[in-house]
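The following exercises concern one protein chain. Each task is followed by a solution in steps.

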Amino acid sequence: MERFCIITNREKDGSMAITGRIADFILKRGGSIYLTKGGCRKDGTHYTEVEDIPIDTQCALVLGGDGTILQAAQDLAKFDFPIFGINLGTLGFLAETEMAELDQALEKLFAGEYVIKEQMMLGVSVNTGGRRYVLPDALNDLVLTRSGFSRVIGAGVYINGDLVSDYRGDGVIIATPTGSTGYNLSAGGPIIAPESNVMVITPICPHSLGARSIVVTDRDVVRVSVRTSKKTQQEEAIATVDGRSSIKLRAKDYIEVQRAERAVKLVRLLDRSFYEVLRAKLLGGGYRNEIKQTEQDY
């Protein structure tokens, strides 16, 4: 790779010093860059102007945290090139490299020492007030939660038209394997390997000891219906895609979720497995030191 566009979270790199360092690195090695312009939607969410990205771009370098990468996955929907995440945030589970290893990672991109992994997305449609709306595809998850001062919400979960369960609680998460390490994990759901072709349905704070996560295939269609409560409010619930795009729902409205037609391409370096990153960032950390210690022990 040698032709890049750079998408920077300008709250995390306000001086653009890190962005400039990366740009210099690429230009000195004969590559080319396009720095996207930042902006702000009327609703206050940050986004990236992508209309002028050159058509011969080979990769998007995304500087920020997981939220920035999720945003880029939506903003770059019409392009076919992969995303390479550079973590400027805290956990940064979706990012492929940390600042401490940035130069080595960029060298590997130029040397072709990487693979491109396709991550499945969720196609989401909402039926409310007798009308159907299509929300942006989700790389992480679709979350149905209570809205405003609603105490609990009821959610009927159907798979291919068959009722599986009626959850009462704070809501329901439907996550991809990529999103299984996000809100799904915090809510007690399982971690799923990214290559798995499945979706996981996890209740949020259910009012039942028997409520558990359900894993279904990527060929299934999941419907979540907002149930009528004893004290129905005008707006009982809200559906949110990847923590960004959202729509308010009333009782008897429903959401349909299935595998999206498109997938997101992420660049992965050859020297690091999913389980290595999992151990480093979620299960105890310090994988480089652990490896060195293990080598010394043997």
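**Exercise 1.** Which residues line the second largest cavity?

*Solution.* The model is predicted: local features need pLDDT of at least 70, side-chain atom pairs count only at pLDDT 80 or more, and totals for chains, interfaces and linings use all residues. Residues are numbered from 1 along each chain as its sequence is written, and side-chain values use heavy atoms, with hydrogens and water left out.

Step 1. A cavity is a set of points on a 1 Å grid over the protein atoms alone where a 1.4 Å probe fits but cannot get out; lining residues have an atom within 4 Å of a point.

Step 2. The lining consists of Ile 153, Ala 155, Tyr 167, Arg 168, Gly 169, Asp 170, Gly 171 and Val 172.

Step 3. Two or more of these residues come from each of β11 (153-159), β12 (162-169) and β13 (171-175), where strands are DSSP runs (E, at least two residues) numbered from the N terminus. The largest share, three residues, belongs to β12.

**Exercise 2.** Identify the residues with the most contacts inside the largest nonpolar core.

*Solution.* Step 1. A nonpolar core is a set of buried Ala, Val, Leu, Ile, Met, Phe, Trp, Tyr and Cys residues joined through side-chain atoms within 4.5 Å; buried means under 20% relative accessible area (1.4 Å probe, protein chains only).

Step 1. A second, separate core has 20 residues, among them Ala 72, Phe 81, Leu 94 and Leu 139.

Methods. Buried < 20%, exposed > 50% of the residue type's maximum accessible area, 1.4 Å probe, protein only. 1 Å grid on protein atoms, 1.4 Å probe; cavity = no way out; pocket = protein on both sides within 12 Å on 5 of 7 lines; lining within 4 Å. Helix = DSSP H or I, 4+ residues; strand = E, 2+ residues; numbered from the N terminus.
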